[in-house]
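The following note sets out several points on the helix packing of this model. Please read them alongside the coordinates.

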Amino acid sequence: MPSTKKNLFHNTLFLLSNLLFPLISFSYASHVLGPAAYGKIQLVLVFAQYFVLVAALGIPLFGVREIAKIRNDQNKLSKMVSELLVINIISSVGALIIYLITIYSVSWFHNDLQLYLLGGVIVLSGFSTLDWFYNGMEQFQFLSIRSIVIKALALLALFIFVKTKDDLILYFFVVLFSILGNNLWNLIGIRKLLHYKINELCFRQHIPALATLLGTTVSISVYTVIDTLLLGLITDNTAVGYYSAAVKINKIAIPIVTVLGTVLIPRITQSMANKDNKQLNVLVNQSFSFICLIGIPITFGLFIFAKEFIVSISGFEFISASTTMQITAPLALLIGLGHLFGFQLLIPAGLEKKYLFATIAGMLISIVLNLILVSSIKDKGTAIATLSGEFVVSLVSYYFVYRNINLTINWLQAIKAIVSSIFFLPIAYLLRPIIANPIVVLLIAIPSSALVYFTVQTKIFKNEMLKEAWLVLKQKTESFT
């Protein structure tokens, strides 16, 4: 079994590639295409991804937990993966049929039918999104290499082929390449770790858990996917462009906040299976402390410097998205907490139905607020609805964790992070009157804020996690030199 530090290192590389490359490609594409064209592409992608999410039937959640339990038994592992793949292939074909019927029968899709037909390729290939297998096997090195190579090639293609607003279809092909390249690599890589089984497969045993997790997936997708669809249906592509720009910048930080938790899920699952409550408390508090340590300052930074981020990354055409970005600034923190209480605790503990209830509550809040607010305040209304939905999911998930799992969470870490982040405010007020260029403001503000934050954490609050992280980074650096 790879060490937690090694897993964290490779998973960090994987997530940094998912942070850096999308940030560059998003900035370039939004500058070239503008709000309306960029919003149109995002609407197609979101619509296709909704069908992928439903066709997954909860397998990404179920798979990580089950693979972590049996990864040392080659026969059981091959059987389990083969069963889940067959189920997902069938559901993906079914989803594609419904997808095609929808876009052909509803006239609203006909203006961009070519783009939506290409989106069908994403729906059909959804079964090969096998990150759940590699996470369960703790194959984070594979994920990091695959992600860096595919995203680098996609970014190169973007710079070569997408030059003007007329290159909309070429941009969509670049996005398709990044998705299909990952999926094809997944299918090739899995053959080295197991052999597919076609005999003696049993699907019935997975149905109860998958049915519950399907409900969870659908309810999650409603407040993470339907928000964009409703905005596009009720308003226009420009509003979708503003909302997508604001949320994409905020959500880029999510992989950073959840990086440690993703690594710890197999260990948390094993601690629960072994009834090792002491080790479970240690792992959960490590994850919680990390979420607070990273998520809270990111929230403050994105809120305070929203205008500078929007203009620097997307251009002045998107400046109206600044308020929307401020509203959704806490998303990374809330999703990180939801990931902890849901994916890291309730699902490994076998409490899928509790997590389903939490996601349904968030879904209902999101739908109601979307319907009330979108027609009047457009992207800002969608932002309020999305943030409210995520807050409810995190809150209800924590309630069930508190009631069903014996844990002691150190909430003092959150207070320390909030106090340390307040110092970002004077930095903003000092820089803005003397520097007009938003890029220069960010280039000074980000390192200055980080220096102040981590200085307060280490010198005043004596944060031990930072010291340990520094030692791990130093050891890894020395091992490569």
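Which residues in H9 meet which residues in H15?

1. Ala239, Tyr242 and Tyr243 of H9 meet Lys378, Asp379, Thr382, Ala383 and Thr386 of H15, a contact being heavy atoms within 4.5 Å. These residues divide into 4 nonpolar, 2 polar and 2 charged (Ala, Val, Leu, Ile, Met, Phe, Trp, Tyr, Cys and Pro count as nonpolar; Asp, Glu, Lys and Arg as charged; the others, Gly among them, as polar).

2. This is a predicted model, in which local features need pLDDT of at least 70 and side-chain atom pairs count only at pLDDT 80 or more, while totals for chains, interfaces and linings use all residues. Residues are numbered from 1 along each chain as its sequence is written, and side-chain values use heavy atoms, with hydrogens and water left out.

3. The axes of H9 (residues 237–251) and H15 (residues 352–404) come within 8 Å and cross at roughly 45°.

4. In H16 (residues 412–421), Gln413, Ala414, Lys416, Ala417, Ser420 and Ser421 are buried (under 20% relative accessible area, 1.4 Å probe, protein chains only). Seen down the axis of H16, the buried residues fall within an arc of 160°, so they line one face of the helix. They pack against H11 (277–304), H17 (424–431) and H18 (438–460).

5. The protein chain has 19 helices and 0 strands (DSSP runs: H or I of at least four residues, and E of at least two). Of its 481 residues, 56% are buried.

Terms used
Axes fitted to C-alpha atoms, helices over the stretch in contact; angles between N-to-C directions. Buried < 20%, exposed > 50% of the residue type's maximum accessible area, 1.4 Å probe, protein only. Arc of directions from axis to C-beta.
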